[in-house]
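Here is a short walk through one predicted model. Look at the sequence and the structure first, then read on.

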Amino acid sequence: MAAISLCGVNLRIGGKSQQQPPPYASACPPSASSSSKSNKLFSSSSQLSFASSNSFISFRSNQTLVSPRLAKIPNPALVVASAKPEPLKIMISGAPASGKGTQCEIITKKYGLVHVAAGDLLRAEIASGTENGKQAKEYMEKGQLVPNEIVVMMVKERLSKPDAQEKGWLLDGYPRSASQAIAFGEVEFKPDLFIVLEVPEEILVERVIGRRLDPVTGRIYHLKYSPPETEEIAVRLTHRFDDTEEKVKLRLRTHNQNVEAVLSMYEDVTLKVDGSASKEEVFAQIDSALTKLLEDRKATSGSLAA
């Protein structure tokens, strides 16, 4: 039989008793000369017992033993981890030649968002032979528009992937009409910010009709704003058949009608940006809004964690 005291163990086996030293020096109660600091390590009552067929160990005390090392650790229940701010969810819209592609590149580079363009996504789905891609291809081969339901499912599935959920996303050029916006809203995706690049029509027309494509590199040049570096490149540039003033104005008219309908559904999160300035100045406007959005979100997360 064994009995544990605060200052040692009385071990009794076969009728013999033997005093053993305490398991932990800190388990001994403080003496009268101990400091008040040591006294704080003992509080409340506790009891420990263990029994078997040939031994009995018991411990009774009106003191709870606390290791000095553990006493320094704060209560885990009071430790609150800082909540990670939600990633950004951004939509961007702009007319042909508004500089939307350039701004998407700059935004994704700085903020690490996943860039999702509906047109590129549609082509990728068809090339990969996915179920959505097969259905879309059937309509396109018949010369019909791909139904909103199919495109929305493609976009929804892409935005639901782990990288977009973790890093946030930049949805480029979608939705383009009220019907698309309604269908997109039904899958419960709502942006934090809807960026609209506004550029006067005369500037857009000038930008479009001056565009040229390098068929070798795929790079877009502009005869006035971004001319080719060499004569060799200049002679091989091509001009898109629909980059004429007449056709550009028709495309702009259609774009303006559609974007107004979409804007009415995102009025509370719309940011209109002057896209006629330089790309650096345009991004400065966007960057300011995104920075403020992140700061507000971090402040909210911090207050919730406090």
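Start at the second largest pocket. Its lining counts 15 residues, and Leu197, Glu198, His255, Asn256 and Val259 lie nearest the centre. A pocket here is an open set of points on a 1 Å grid over the protein atoms alone, where a 1.4 Å probe fits, with protein on both sides within 12 Å along at least five of seven lines; lining residues have an atom within 4 Å of a point. The space in this second largest pocket is about 210 Å³. That volume is the space filled by probe spheres set on the points, which are joined across faces, edges and corners.

Three elements each supply at least two residues of this lining: strand E8 (89-94), strand E11 (193-198) and helix H11 (245-263). H11 gives the most, with five residues. Helices (H or I, at least four residues) and strands (E, at least two) are DSSP runs, numbered from the N terminus. By class, the lining has seven nonpolar, five polar and three charged residues. Ala, Val, Leu, Ile, Met, Phe, Trp, Tyr, Cys and Pro count as nonpolar; Asp, Glu, Lys and Arg count as charged; the others, Gly among them, count as polar.

A word on the model itself. It is predicted: local features need pLDDT of at least 70, side-chain atom pairs count only at pLDDT 80 or more, and totals for chains, interfaces and linings use all residues. Residues are numbered from 1 along each chain as its sequence is written, and side-chain values use heavy atoms, with hydrogens and water left out.

Stay with H11 and turn to its partner. Helix H9 (residues 201-209) packs against H11 at an angle of about 130°, with the axes 10 Å apart. Axes are lines fitted to C-alpha atoms, for helices over the stretch in contact, and angles run from 0 to 180 degrees between N-to-C directions. H9 and H11 are therefore oblique to each other. Angles under 35 degrees count as roughly parallel, over 145 as roughly antiparallel, 65 to 115 as roughly perpendicular, and the rest as oblique. From H9 come Glu201, Leu204, Val205, Val208 and Ile209; from H11 come Glu245, Val248, Lys249 and Leu252. Contact means heavy atoms within 4.5 Å. These residues divide into six nonpolar, no polar and three charged.

Now move to helix H6 (residues 148-159), which packs with helix H5 (residues 131-141) at about 150°, the axes being 10 Å apart. That makes H5 roughly antiparallel to H6. On the H5 side are Asn132, Gly133, Gln135, Ala136 and Tyr139; they meet Ile150, Met153, Met154 and Glu157 in H6. This contact has five nonpolar, three polar and one charged residues.

H6 also meets helix H4 (residues 118-128). Their axes come within 10 Å and cross at roughly 95°. H4 and H6 are therefore roughly perpendicular to each other. Leu121, Leu122 and Glu125 of H4 touch Met154, Val155 and Arg158 of H6.

Finish with two loops. Most residues other than glycine have a negative phi, and most peptide bonds are trans. Ala97 has a positive phi, near 70°, and sits in the loop between E8 and helix H3 (100-111). Tyr174 and Pro175 are joined by a cis peptide bond, with omega about 0°. Pro175 lies in the loop between strand E10 (169-172) and helix H8 (178-186).
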